[in-house]
Amino acid sequence: MADKEILKDWVLEALESLGGSGSVLAVSKKIWARHEDDIVSSGDLFYTWQYDVRWAAQKLRDSGRLKPSPGRSARANWELSP
């Protein structure tokens, strides 16, 4: 069963497939397309994954894997650190 910790890997995977950067919406769509079955069968994560994916991105920023957030705009892209 998936838990929110795995979302960090899924965010990185989605960003890599998007060429290194993408909007929250694009990242979420990639995660859903690849991991829908995992999310649906994950219990409570099914109801919280949209929030938890943002938590995962913040953890990745804190660890230096993602560039700092350019702002809180829904259109702001998440970007992998070099």
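This is a predicted model: local features need pLDDT of at least 70, side-chain atom pairs count only at pLDDT 80 or more; totals for chains, interfaces and linings use all residues.
Trainee: What relative accessible area does Glu79 have, and how do I read that value?

Mentor: Buried means under 20% relative accessible area, exposed means over 50%, and partly exposed is in between, using a 1.4 Å probe and protein chains only. Glu79 comes out at 34%, so it counts as partly exposed.

Trainee: Okay. Which side chain meets Glu79 in a salt bridge?

Mentor: A salt bridge here is a side-chain nitrogen of Lys or Arg within 4 Å of a carboxyl oxygen of Asp or Glu. For Glu79 the partner is Lys67, at 3.1 Å, N to O.

Trainee: How many salt bridges does the structure hold?

Mentor: Three. Another one joins Arg34 and Glu13 at 3.3 Å, N to O. It connects distant parts of the chain, since Arg34 lies in helix H2 and Glu13 in helix H1, 21 residues apart. Arg34 is exposed at 59%, whereas Glu13 is partly exposed at 28%. Glu5 and Lys8 also form a salt bridge, at 2.9 Å, N to O.

Trainee: Where is the kink in H2 centred?

Mentor: To find a bend at a residue, take the angle between axes fitted to the seven residues ending there and the seven starting there. In H2 the kink is about 75° and is centred on Arg34, the residue that also bridges to Glu13. You can check the length as well: the expected span of a helix is 1.5 Å times one less than its number of residues. For the 17 residues of H2 (24-40), a straight helix would span 24 Å, but the end C-alpha atoms are only 20 Å apart.

Trainee: Which residues of H2 are buried?

Mentor: Here's the general idea: an α-helix has 3.6 residues a turn, so residues three or four places apart point the same way. In H2 the buried ones are Val24, Val27, Ser28, Ile31, His35 and Ile39. Counting contact as heavy atoms within 4.5 Å, their cover includes helix H1 (6-17), strand E1 (21-23), helix H3 (45-62) and strand E2 (77-79).

Trainee: How many aromatic pairs are there?

Mentor: Rings of Phe, Tyr and Trp (its six-membered ring) pair if their centres lie within 6.5 Å; planes under 30 degrees apart are stacked, over 60 edge-to-face, and the rest tilted. That gives two pairs. Trp32 and Trp49 are stacked, 5.8 Å centre to centre with 20° between planes. Trp32 sits in helix H2 and Trp49 in helix H3, so this pair ties together parts 17 residues apart in sequence. Trp49 is buried at 7%, while Trp32 is partly exposed at 30%. Phe46 and Tyr47 are edge-to-face, with centres 5.1 Å apart and planes at 85°.

Definitions and conventions
Residues are numbered from 1 along each chain as its sequence is written. Side-chain values use heavy atoms; hydrogens and water are left out. Helices (H or I, at least four residues) and strands (E, at least two) are DSSP runs, numbered from the N terminus.
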